[in-house]
Amino acid sequence: RGEKMTIPAPATSANMGPGFDSFGFAVDLENELILERGAFKVDIVGEGETSLPRDESNAIIKAVKDGYAAIYPDENLPIDDIKFTSVNRIPPARGLGSSSAALVAGLAAGLALAGQDLAKPQTKQLLLQLAADAEGHPDNVAPAIYGGFQVSINTGKQWVTQAIGLPKGMQAVLFIPEFESLTSETRAALPKEIPVADAVFNISRAAMLINSFATDNFEALRYACQDVIHQPYRGAAFPMQKMIDAALGMGAHGAFLSGAGPTVLALTGGHGSDVDADTMATFLAVEVADAMLAAAKEDGCEGRAVISAPSPTGVRCKKEETLLRRMGKTSGSVF
């Protein structure tokens, strides 16, 4: 008794405007999945504590089992003596990857219980395949696993992701509306086909966005973050564009709908300054936040502004060795 394993997984912001289902970066806000020896129980602390199920129907329990089954497909993971606690800080259904964080944390826990080292590249590669297959797209799960800014594709045989450098001191200003938006519903509202001109619009801006980060030249981001494939449909019901325009008008490099929304994210800073010591960087981020709040208020859109930052850190496992002491197999078993 007393054995404990903690799996932190970060919030993520997908699409970044033109990178539909392909671009995403981790944000410095984390959920934690905690596993302890004890009678089976699912505790939920924080976001979703009054609405999420507290039994085996919880999606995170299925993810743990699926992660374990990826290593031991002929065995059922015994969970009768495991207590699960989800500490949720990521607001659900707001376009910040809460479901992806839960999926990645659950799969990672299952892999760890099967004796896999989450720090090894081959384990992360397997985790990416499992998570992206489950979601059908990699834009949230890739940065949730690897951290940072990830650009991901499917080769036809597997999911592949590559990291794009993020500049020191970049900040992410979030306007998080009070209302929720389900990805499944907003995705269903998207057109099944798009004109060639719209495809060219997004392809050119996606390329410019990558070049902006590759060269640390952010003057073009106000254009590179534009999109005509998904944002006009997902942002039609609230003042998304007004908030984007307000953020750009106050000096943000670029702004876009985070994931399927409704969160709107603006990028500021990133010129190499130390955010903790540079009050001007924080001042500008606050100015952008205030402008987004004012634009939302004009249209009666209630919400809050949060100043965050991209995070280089993805999912990880704490105290794995302690938990795996009682493994029945040399390669791993439950506790």
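A: Ser-86 is found in strand E4, where a strand is a DSSP run of E with at least two residues and a helix a run of H or I with at least four, both numbered from the N terminus. The model is predicted, so that local features need a pLDDT of at least 70 and side-chain atom pairs count only at pLDDT 80 or more, while totals for chains, interfaces and linings use all residues. Residues are numbered from 1 along each chain as its sequence is written, and side-chain values use heavy atoms, with hydrogens and water left out.

Ser-86 counts as buried because its relative accessibility is 7% (buried is under 20% relative accessible area, exposed over 50%, and partly exposed in between, with a 1.4 Å probe and protein chains only). Leaving aside residues up to four places away in sequence, Ser-86 touches Glu-32, Leu-33, Asp-43, Ile-44, Val-45 and Ile-60, a contact being heavy atoms within 4.5 Å.

Two of these partners lead to other elements of the chain. Strand E2 spans residues 23-37, and helix H1 spans residues 59-69. Ala-59 also lies in helix H1, but this residue is exposed, because its relative accessible area is 61%. Ala-59 and Leu-103 are 44 residues apart in sequence, yet their C-alpha atoms lie 7.5 Å apart in space.

Ala-93 has a phi near 55 degrees, a positive value in a residue other than glycine, and it counts as buried, since its relative accessibility is 17%. Met-16, in the loop between strand E1 (4-14) and strand E2 (23-37), likewise has a positive phi, near 55 degrees, and it counts as buried because its relative accessibility is 1%. Most residues other than glycine have a negative phi, and most peptide bonds are trans. The peptide bond that joins Gly-261 and Pro-262 is cis, with omega about 10 degrees, and Pro-262 lies in the loop between strand E8 (254-257) and strand E9 (264-269).

A further buried residue shows how a side chain can meet the backbone. Thr-123 sits in helix H3, residues 121-135, and counts as buried because its relative accessibility is 4%. A polar atom of the Thr-123 side chain lies 2.8 Å from the backbone oxygen of Asp-117. Not counting residues up to four places away in sequence, Thr-123 touches Leu-111, Gln-116, Asp-117 and Leu-118.

Stepping back to the whole chain, there are eleven helices and ten strands, and 52% of the 335 residues count as buried. Among contacts with a separation of 6 or more, 75% are between residues 24 or more positions apart. The C-alpha atoms fill a box of roughly 60 × 40 × 40 Å along the principal axes. The radius of gyration is 20 Å, which agrees with a compact globule of 335 residues, because such a globule would have a value near 20 Å (the radius is taken over C-alpha atoms, and the rule is 2.2 Å times the number of residues to the power 0.38).

Notes
Polar contact = N/O pair within 3.5 Å; in protein donor to acceptor, adjacent residues only side chain to side chain.
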